[in-house]
Amino acid sequence: MHTADLAELHRLMLVARRLDEEAIALQRQGAIPAYAPSKGQEAAQVGSAAALDTTRDFGFPNYRDLGAAVAMGVDLVAYLSTHLNIWHGGLYDANAARLAPFNAVVGGPVTHAVGWAMGAKLDGTGGVAISWFGDGASSQGDVHEAMNFAGVYRLPVVFFCQNNGWAISLPTERQVAGGSVAARAAGYGMAGERVDGNDVVAVFEATRRALDRARAGEGPTVIEAMTYRLGPHSTSDDPGRYRSLADERAWLDDDPIPRAAAGLTGEQVAAAEEHAAGVVARVREGLLALRPRPGEELFTHVYREPTGALLAQQRAWKEAADA
Amino acid sequence: MPELSLQQALNLALCHACEDDDRVLIFGEDVGTLGGVFRVTDGLQAKFGEQRVFDTPLAESGIVGMAVGLAMAGWRPVPEIQFDGFAYPAIDQIVNQVARMHYRSRGALPMPITLRVPSFGGIKAPEHHGESLEALFAHVPGLKVVSPSGPAEGYHLLRQAIDDPDPVIFLEPKSRYWHRESFGPTVPAPRMPVGSSRVVRAGTHATLIAWGAMVPRCLQVAELAAEDGVSLEVVDLRWLKPIDADGLAESVARTRRAVVVHEAPLTAGLGAEVSALVTERCFAELRAPVQRVTGYDVPYPAGALEDEYLPGLDRILTAVQTTLEYRRG
């Protein structure tokens, strides 16, 4: 997407929202063991991912970035297969998708974006890395190390923090000293910007500015998208233990999807709903058709070629399985 | 043939790796202008430029995390962790990321990273500068672990590690950096597969199994034992993952006695793995339980007590005597 196309951004957000609802339903039906809902954060995820040039950029998501996968056109059945506990990292080809397998180690992959950005800079591809992480991750030492490295080397990387107010049960004010992740950018000598994370066009444009800066050799940027996790941390979480319904309802007024829809015609919104319903039906069907990978795959990808010891263990597994 | 120290041989291996593959990148703390605190990367930045050989900020997790990203972008990173004890801050990246990225991406994202770590004790270094990491890393699925015992081994094993498509933890025995040996680095070594050990001295009465700086120590022991008519075979294990179980079995099946020697503490050390592998394969041939001579289960001590901690000639000779004199029942 070259310029912010509100109708298309809304359509992508709606796909993410309806798919998120479907994933929760599948979890309640016992098809998915656990899921991390992204409800409320669609503008931050879709707006930033839609700004990428997927012929040369690369994304590093965490476990709550379904909207980014939707906007980047990733095979959603293969992407969501990890939530079905089929394969850690999912069944999709990360290189083809330009999206790393998402990571449960909070903050860890932020350094990968920095390394990837250095690789892209050395190759002169003009590619930019984007790292999606949250206010909780901003406490991790790895995020400091990543930002410092990127600042020292002036690397083409966008640190995209979705400040959704809560790291499971801990509110941002008890997580982020100084109150702003974006403000930390100054300490690393890089651009920092806070953006309304529920305004999809504002997010798109802020990300585009950061990408343009990176491509022009002007180094990294921190974007702090202020948003709100409308749902629980995960399907195992109970937000009633740490925040009030009134608090949640206040943020419902700021739901990014109705906000975007306000700028569209009724026909456009109806068409988007119809499109989303079609995607959800196809993805649901695909997910329910997934079967466990063959047991041999326990051993397949540990190394490029399995070691002798691993082959011996595979033979022992096979004998036990066949017995 | 030139006489080279281990430090020079490793330097030459890095140089040749950079010449042969322009995707090889060398980075770490002080590896550029300074050439590394042990000078293993000496002169490489001048030769290959600041893009191929570069200094990093002082942050080990960041160094290894950056290596992951570079590998994802198609580079072949050869990062250095300045000292063994500082690999611990990078453990999360090594275990949670490097070791399983190929697996979790179903082969889409290979990690051809060689992580060089000056390791082990023997130089009366400060605290956190004398750690033996091999058991920790050998336990992690997806990693390979190797340690050279001398200059020729160091050259060829480092070339092999860098060429390998999987992540390799390359543990350099600091106390051997200045040991010199004549060898021709341009003469291709016989192509030995990853995971092969090497008999460095043939013998008949017992097999000593060691790696890194304990290999020359075991050779000294073998010399002394020979004076008493005891013929010891010495095996340099070299690869600590994968371990050459067949090679070990071949030797011990002949000598029928084995002693494994390492600097790391005893409990859950790699000697336990070696002992189990030998016992599983040679139970019928063994005349005595496999003996272990190791560091003690204590934090690596200050230099003044280092010689009390490290396996010395006497302790190894005593273990040899124990295994030779062992009687069942």
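This is a predicted model: local features need pLDDT of at least 70, side-chain atom pairs count only at pLDDT 80 or more; totals for chains, interfaces and linings use all residues.
Residues are numbered from 1 along each chain as its sequence is written, and chains are lettered from A and ligands numbered from 1 in the order in which they are written.

Between them, 22 residues of domain 1 are in contact with 21 residues of domain 2, where contact means that the C-beta atoms of two residues, placed from the backbone, lie within 7 Å. On the domain 1 side, α6 (134-138), β6 (144-146), α7 (151-163) and β7 (168-173) of chain B each supply at least two residues; helices (H or I, at least four residues) and strands (E, at least two) are DSSP runs, numbered from the N terminus.

Turning to chain A, the assignment gives domain 1 (6-292) and domain 2 (295-323), and 36 Å lie between the centres of these two domains, again over C-alpha atoms. Chain A holds 13 helices and seven strands.

Now to the interface between the chains, where 34 residues of chain B are in contact with 34 residues of chain A. On the chain B side, α3 (60-72), α4 (91-97) and α5 (101-104) each supply at least two residues, and α3(B) gives the most, with nine residues.

Which helix of chain A has an axis that comes within 6 Å of the axis of α3(B)? That is helix α6 (residues 110-123) of chain A, and the two axes cross at roughly 55°, the axes being lines fitted to C-alpha atoms, for helices over the stretch in contact, with angles running from 0 to 180 degrees between N-to-C directions. That angle makes α6(A) oblique to α3(B), since angles under 35 degrees count as roughly parallel, over 145 as roughly antiparallel, 65 to 115 as roughly perpendicular and the rest as oblique. Among the residues making this contact are W116(A) and M118(A) of α6(A), and M66(B), V68(B) and L70(B) of α3(B). By class, the contact of α6(A) with α3(B) has nine nonpolar, eight polar and no charged residues, with Ala, Val, Leu, Ile, Met, Phe, Trp, Tyr, Cys and Pro counted as nonpolar, Asp, Glu, Lys and Arg as charged, and the others, Gly among them, as polar.

Technical notes. Domain bounds come from an automatic or database domain assignment.
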